[in-house]
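Please look over the sequence and the model shown here before reading the report that follows.

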Amino acid sequence: MTIKFLADENFDHKTLAGLKRREPDLDIVPVQEVGLREVDDPQVLPRTCPCRAE
């Protein structure tokens with residue numbers, strides 16, 4: 001099973017770049033890359049994880 005991560009809009013981009021450099025197989029993307037920029041946090045999870053849709 002692959003675990004996928006979604007980085008919050010406010011997550012430091014330098015830290016994200018460092019994580020990807022250290023662990024190239026890490027599946028992590030910022031919300032901006034998946035069209036969820038400026039979406040309120042409580043609305044992000046149901047849009048990205050169908051198991052949590054309410």
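Ile3 is exposed, with a relative accessible area of 53%, where exposed means over 50%, buried under 20% and partly exposed in between, computed with a 1.4 Å probe on protein chains only. Ile3 sits in the segment before strand 1, and its C-alpha atom is separated by 8.4 Å from that of Leu26, a residue 23 positions away along the chain.

## The model and its confidence

This is a predicted model in which local features need pLDDT of at least 70 and side-chain atom pairs count only at pLDDT 80 or more, while totals for chains, interfaces and linings use all residues. Residues are numbered from 1 along each chain as its sequence is written, and side-chain values use heavy atoms, with hydrogens and water left out.

The mean pLDDT (the predictor's confidence in each residue, from 0 to 100) of the protein chain is 84, and 87% of the residues reach 70 or more. Among the elements of the chain, helix 1, residues 13-22, has the highest mean pLDDT at 92, whereas helix 2 has the lowest at 82.

## Overall arrangement

The protein chain contains two helices and two strands, these being DSSP runs numbered from the N terminus (H or I with at least four residues for helices, E with at least two for strands). Along the sequence they follow the pattern β-α-β-α.

Of the 54 residues in the protein chain, 15% are buried. When contacts (heavy atoms within 4.5 Å) with a separation of 6 or more are considered, 33% of them join residues 24 or more positions apart.

## The largest pocket

The largest pocket has a volume of about 210 Å³. On a 1 Å grid over the protein atoms alone, a pocket is an open set of points where a 1.4 Å probe fits, with protein on both sides within 12 Å along at least five of seven lines, and lining residues have an atom within 4 Å of a point. Grid points are joined across faces, edges and corners, and the volume is the space filled by probe spheres set on the points.

The lining is formed by Lys4, Phe5, Leu6, Asp27, Val29, Val34, Leu45 and Thr48. By class, the lining divides into five nonpolar, one polar and two charged residues; here Ala, Val, Leu, Ile, Met, Phe, Trp, Tyr, Cys and Pro count as nonpolar, Asp, Glu, Lys and Arg as charged, and the others, Gly among them, as polar.

## The loops and a salt bridge

The structure holds one salt bridge, a term for a side-chain nitrogen of Lys or Arg within 4 Å of a carboxyl oxygen of Asp or Glu. In this salt bridge the side chains of Glu9 and Arg37 meet at 3.9 Å, N to O. The pair links distant parts of the chain, 28 residues apart, with Glu9 in the loop between strand 1 and helix 1 and Arg37 in the loop between strand 2 and helix 2. Glu9 is partly exposed, at 26% relative accessible area.

The loop between strand 2 and helix 2 also holds Glu38, whose phi is near 65 degrees, a positive value in a residue other than glycine. Most residues other than glycine have a negative phi. Glu38 is exposed, with a relative accessible area of 63%.

Glu33 is found in the loop between strand 2 and helix 2 and counts as exposed at 55% relative accessibility. Glu33 and Leu6 are 27 residues apart in sequence, and their C-alpha atoms are 9.6 Å apart in space.
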